[in-house]
Amino acid sequence: MFPIRGLDVKVVLISLCILCYSTQSEGRPVIKRSISEVQLMHNLGEHKHVQERQDWLQMKLRDIHTASLRNDLLDLEELTPNEVEYILNILEKLLNAQ
């Protein structure tokens with residue numbers, strides 16, 4: 001067999017204890033949670049879910065809003081220089097009339 005040193009023996013024993021304890025607990029929590037802890041965790045999960053839904057909705061609304069702006073900008077880009085000058089002259093007349 002392999003020679004085992006003092007430190008190696010401690011590591012092996014601790015590892016065996018952890019392995020034995022984890023197989024006997026069968027995935028159950030080590031400490032039972034109090035009712036307030038369970039309620040807090042439930043509220044936190046619900047809050048996170050609501051926040052994710054709000055973020056998703058905000059992103060969708062932002063896409064809708066920017067899509068209409070993009071269409072307006074595309075229409076302006078299609079104008080010829082003469083059309084832009086004509087529109088600017090009309091706007092200046094409107095501002096001066098006020």
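This passage describes the fold, surface and confidence of a predicted protein model.

The protein contains three helices and zero strands, and its elements follow the pattern α-α-α when read along the sequence. Helix 1 spans residues 6-25, and helix 3 spans residues 81-97. The mean pLDDT of the protein is 77, with 72% of the residues at 70 or more. Confidence is lowest in helix 1, where the mean is 76, and highest in helix 3, where the mean is 83.

Of the 98 residues in the protein, 1% count as buried.

A nonpolar patch lies on the surface and is formed by Val84, Tyr86, Ile87, Leu88, Ile90, Leu91 and Leu94. Together, these residues have about 630 Å² of accessible area. Tyr86, one of the patch residues, is located in helix 3. The relative accessible area of Tyr86 is 56%; Tyr86 is therefore classed as exposed, since the cut-off for that class is over 50%.

Terms used:
Residues are numbered from 1 along each chain as its sequence is written. This is a predicted model: local features need pLDDT of at least 70, side-chain atom pairs count only at pLDDT 80 or more; totals for chains, interfaces and linings use all residues. Side-chain values use heavy atoms; hydrogens and water are left out. Patches are made of residues with over 30% relative accessible area and no salt bridge: like charges are joined within 9 Å, nonpolar side chains (Val, Leu, Ile, Met, Phe, Trp, Tyr) within 5 Å. Accessible areas come from the Shrake-Rupley method with a 1.4 Å probe; for residues, only the protein chains shown count as cover. A salt bridge is a side-chain nitrogen of Lys or Arg within 4 Å of a carboxyl oxygen of Asp or Glu. Helices (H or I, at least four residues) and strands (E, at least two) are DSSP runs, numbered from the N terminus. Buried means under 20% relative accessible area, exposed over 50%, partly exposed in between (1.4 Å probe, protein chains only). pLDDT is the predictor's confidence in each residue, from 0 to 100.
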